[in-house]
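Please look through the structure below with the report beside it, taking one part of the chain at a time. The headings name the topics in the order in which they are treated.

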Amino acid sequence: MYYADKEDLLRDIFGADVVNVQLDNKIIVDGKTYPVFDDVIILLEPPRWPSLLTGKRPTGNAAADIQATFSSEWTSFSEITEQHRSEFDRYFDIIDRSALDAARVLDLGCGIGRWSYFLKDTARELVLLDFSDAIFVARDNLRGAKNAVFFLGDVTDLPFRDDAADVAICLGVLHHLPVDALGATRALKRIAPTLLIYLYSALDSRPSYQRVLMKAVTICRRIACRIKNESVRRVLSFLGAVFVYRPVIFVGRLAALVGKAAAVPLYEFYRDASIRRISQDVYDRFFTPIEQRVRRREIERLSDTFSEIIVSDGIPEWHFVCKR
């Protein structure tokens with residue numbers, strides 16, 4: 001049993017008096033039983049389980065649709081690559097990485113565990129949580145990490161104690177939820193003294209024509225996300241990468257020669273990306289039913305809840321740190 005030597009860690013994360021790890025793949029926390037599948041502790045009730053546990057696609061509401069979409073996305077794009085390393089560097093540009101070396105890091109909406117993967121050799125402990133089948137992919141990707149624990153759960157309904165972690169990261173998650181993304185950010189204040197968050201930009205720092213273009217893209221997304229056939233989604237993601245993203249990136253390369261790269265959407269983030277990596281983001285971008293976008297000034301208003309807000313000037317926009 002993977003958690004046999006982790007009872008103290010689990011007790012501290014939950015703020016529990018008693019944690020018992022059972023040999024029959026169960027963990028009992030102060031009398032409440034949580035099943036364990038492939039070393040993943042299941043916090044969700046059975047009606048909210050993803051397809052890997054039920055054998056069928058979740059249906060019924062927006063949350064179920066999001067869960068199914070991300071289950072399909074991350075089981076299709078499951079590998080962690082060196083390209084993810086460069087993206088890790090971009091997201092973590094405004095956080096003191098040395099402070100992570102001895103920290104307990106809570107990775108909320110962890111996906112395939114690509115951020116925790118680059119912290120596994122330095123962080124004291126890693127707590128990974130996802131709402132979809134991606135958590136089982138994360139377990140595979142961090143199979144060699146003995147300092148990690150894994151939860152299938154809801155980022156808006158965490159049964160963990162206050163200050164369960166030293167740092168919580170939640171990158172590219174809250175803007176896809178059926179709750180206000182900034183409100184959800186405020187709610188995470190209790191879980192850790194430092195948060196690293198990424199929310200989609202409303203393109204408020206970009207030329208107005210890019211915001212007009214985004215409106216057209218949003219219409220396409222609302223149509224595309226109605227497609228449920230997984231094979232069709234994958235083909236369209238590949239075609240979008242080859243015939244939309246790649247040509248735009250090429251234009252960006254030309255614009256970069258005259259110092260105008262920032263005027264071309266997509267170029268800055270994807271200029272060195274592989275077709276497969278771009279395909280994954282096309283899938284993420286066009287088949288997710290909920291997408292919220294925020295302005296920098298809206299993020300800065302989080303100062304009503306946090307003592308310090310640090311918004312990165314780098315890409316992707318907007319990623320930011322909230323300090324309690």
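## The cysteines

In this predicted model, Cys 225 counts as buried because its relative accessibility is 10%, and the cut-off for that word is under 20% relative accessible area. Cys 220, by contrast, is partly exposed, with a relative accessible area of 43%.

A search of the whole structure finds zero disulfides. Cys 220 takes part in no disulfide, and the cysteine sulfur nearest to its own, which belongs to Cys 225, is 11 Å away. Cys 225 is likewise in no disulfide, its nearest cysteine sulfur being that of Cys 220, at 11 Å. These distances can be set beside the cut-off for a disulfide, which asks for two cysteine sulfur atoms within 2.5 Å.

## The chain as a whole

The chain contains twelve helices and eleven strands, and its C-alpha atoms fill a box of roughly 60 × 45 × 35 Å along the principal axes.

Of the 324 residues, 54% count as buried. The chain exposes about 14,300 Å², and carbon and sulfur atoms supply 54% of that area.

## The nonpolar cores

The largest nonpolar core has 92 residues, and the members that touch the most others are Tyr 3, Phe 92, Phe 151, Phe 160, Leu 174 and Ile 191. Apart from this core lies another, of 18 residues, which includes Phe 77, Ile 249, Tyr 267 and Val 282.

What is Phe 151 in contact with, once its neighbours within four places in sequence are left aside? Its partners include Leu 10, Phe 14, Val 40, Ile 41 and Leu 43, and also Val 127, Leu 128, Leu 129 and Asp 130, as well as Phe 160.

## A covered strand and its parallel partners

Strand E5, made of residues 104-108, is mostly covered, for five of its five residues are buried. In a regular strand the side chains alternate between the two faces of the sheet. In E5, Arg 104, Leu 106 and Leu 108 lie on one side while Val 105 and Asp 107 lie on the other, and both faces are covered, with all of these residues buried.

E5 runs parallel to strand E6, residues 125-130, and five bridges join the two; in this pairing Leu 108 stands opposite Leu 129. E5 also pairs in the parallel sense with strand E8, residues 167-171, over three bridges, and here Leu 106 stands opposite Ala 168.

Strand E2, residues 26-29, and strand E3, residues 32-37, run antiparallel and are joined by four bridges, with Thr 33 in E3 as the bridge partner of Ile 28. The two strands form a hairpin with two residues between them, and Asp 30 in the turn has a positive phi of about 45°.

E3 is also joined by two bridges to strand E4, residues 40-42, and this pair too runs antiparallel, with Val 36 standing opposite Ile 41 in E4. E3 and E4 form a hairpin as well, with two residues between them, and in its turn Asp 38 has a positive phi of about 50°.

Technical notes: Residues are numbered from 1 along each chain as its sequence is written. This is a predicted model: local features need pLDDT of at least 70, side-chain atom pairs count only at pLDDT 80 or more; totals for chains, interfaces and linings use all residues. Side-chain values use heavy atoms; hydrogens and water are left out. A nonpolar core is a set of buried Ala, Val, Leu, Ile, Met, Phe, Trp, Tyr and Cys residues joined through side-chain atoms within 4.5 Å. Buried means under 20% relative accessible area, exposed over 50%, partly exposed in between (1.4 Å probe, protein chains only). Contact means heavy atoms within 4.5 Å. Two strands pair if DSSP finds at least two bridges between them. Accessible areas come from the Shrake-Rupley method with a 1.4 Å probe; for residues, only the protein chains shown count as cover.
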